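Dear colleague,

Please find below the structure that I am handing over to you. My findings follow it.

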Amino acid sequence: MGDVIGRGGMATVHLGNDTRLGRKVAVKLLKPSLANDPAFRTRFRQEAQSAARMAHPTIVRVYDAGEETVTEPSGAEVQVPYIVMEHVDGRPLSDIIADGPVSSSEAVRITEGILTALEYSHRAGVVHRDIKPANIMVTHSGQVKVMDFGIARAITDTSATVAQTTSILGTASYFSPEQARGETVDARTDLYSTGVVLFELLTGRPPFLGDSPVAVAYQHVSEQPVAPSTITPDVSPALDAVTLHALVKDRTRRFQSAAEFRTDLQQAAAGQVPSSTRKLQQQHAHDASTMLFGVNPRTTSNPAVAFRELDDDTAEHRPQRTQNRPPVAWIWVGIVLIVAVIAAMVFFVANLQPGRAPVSSSVTVPNVVGASWSSAASTLKKSDLTPVKVEENSDTVDSGMVIRTEPGSGNTVARKYDVDVVVSSGPAQVNVPDVANQSQDDATQALKDAGFQVGAVTSDYSPSVPEGTVMSSDPGAGSTATKGTVVDLTVSNGKVQLPDVRQQPFTEANQTLQNLGLKVAQNPAYTCTGGAVTQQDQPAGDIAQGSTVTLTYCAGSAQPQQTQQPDPGNGNDGGNGKGGDRGNNG
């Protein structure tokens, strides 16, 4: 198993190598805390088996899944659920959207790929439940692939609340209304989430934003999305209609299948009026519950608005209006009644006795725990109380969320009373301890004692740090980070990399090896000159610290022989030499 190539709220993804089949794979290691629940383990195995049976070009294949028993540095054994799946060479759709909205044609193409995968999985009886850009890959050739089928079900089926589910899955931005309400989901849930992804592809942002997952989930249940063209004017009315049809709250009026969704999307891309969405318009036109005096109050966020901007070729097919609004006389009666009620209220207020309070002088502090500061302040002000923000570190409550109020909820206080709202500022910032030159076990314990988690442990070469001893950490010693931050360690492998010093001058080669902490044994060769190293007894590569390396080098003398002239005879030379000497001396 290799480097980390992805990290999410519920798992870490590593690049792996299938040694048996000789292929790259992606290994997803789920959080060990998930395996503590027996119900999750059972559901996880069932869903992994269902996902492994699906083989389609638009679905990331699942090769294997199970649980691995891992011994933590503390000695405790934990079960780590894992999934081995196809490695996709490409980019997550979330990274593509982070660069900004894509063109309408590209958004349609990507969404068609998602719907093709969902159509196949729904026929196989598998509902994804967590369609979002992070679970969609786009290869370098443009192929769309959907991953993590069935994992969301194993999580949501064992989570009691929306908050617990979103803490694992990471976001509520793609929840369907039925998911937010905790109801049973079906294939139409995936189509709603796909509509959210289509909205984000066209606009660069999800349809609903909030300070917390609960706030976003509430909007999915109660708020109507705006048309994508109000954010990106280039979006056509037909694409507006298809997107808003996919985001209908009532699943019975939403797209009923991935094939229906894809057909409408293709018609909208071709500039035609989508057929199924046209039926939705007619349903809204005849739905008395959405009409007030014949006018739909939600037209600003309904697919019917987009259709009014389309071609007028549908005018001849529109049903003739019958009596779908009250008679004019009844309208005037209603106006008169409203005026009368307002006049009565004004008369009542004007005739209140002086000194008699029209309302109670005390109020009950509402419960705002878990809400954002802005939401809590608004709620307290509506109760005629004065919110006072007090920040406090918390390891359990997300930053910006209310921990408690003082006085607490349910207490009765006077109006305008100052209520301290204790808001989490997130985990406390602590200094990363210096664990250099400590053993890996000691360093791990020191980091845990300081409130950090140990992440990847990487080995590296060192000429002096003993094997198994920590060389550095990331974040580094002395830096500040929040509790719970993952700290990676670099540990010495007890080796150095021996270079090839042949053909180098002996003095230079000797100094190079000494700088690596190695010992040099000299083996001079007098058959050659120049002082260059001709041999080393250890090949270049990894070698243990402090090892001895024998270098053979040329140590012969470079001076020529004493004889410079050819001599015809030794006897004559000797005589001449001696005679000359004597003559000169004499």
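Is Lys145 buried or exposed? Please keep in mind that this is a predicted model. Lys145 has a relative accessible area of 10%, and since buried means under 20%, Lys145 is buried.

The side chain of Lys145 forms a salt bridge with that of Glu86, at 3.5 Å from N to O. Glu86 is buried as well, at a relative accessible area of 19%. Glu86 belongs to strand 5 (residues 77–86) and Lys145 to strand 8 (residues 144–146), so the pair links distant parts of the chain, 59 residues apart.

In total, the structure contains 19 salt bridges. Another of them joins Arg415 and Asp384, at 3.4 Å from N to O. Arg415 lies in the loop between strand 12 (412–414) and strand 13 (418–424), while Asp384 lies in the loop between helix 14 (373–382) and strand 10 (386–392); the pair therefore ties together parts that are 31 residues apart in sequence. Arg415 is partly exposed, with a relative accessible area of 30%.

Asp99 and Arg91 also form a salt bridge, with their closest N and O atoms 3.0 Å apart. Asp99 is exposed at 61% relative accessibility, and Arg91 is partly exposed at 35%.

Finally, I turn to helix 8 (residues 213–222), where Val216, Ala217, Gln219 and His220 are buried. These residues lie on the same side of helix 8 because they cover an arc of only 155° around the axis. The exposed residues Val214 and Tyr218 are on the face turned away from that buried side.

Yours sincerely

Definitions and conventions:
Residues numbered from 1 in each chain as written. Predicted model: local features only at pLDDT ≥ 70, side-chain atom pairs only at ≥ 80, totals over all residues. Heavy atoms only, no water. Buried < 20%, exposed > 50% of the residue type's maximum accessible area, 1.4 Å probe, protein only. Helix = DSSP H or I, 4+ residues; strand = E, 2+ residues; numbered from the N terminus. Arc of directions from axis to C-beta. Salt bridge = Lys/Arg side-chain N within 4 Å of Asp/Glu carboxyl O.
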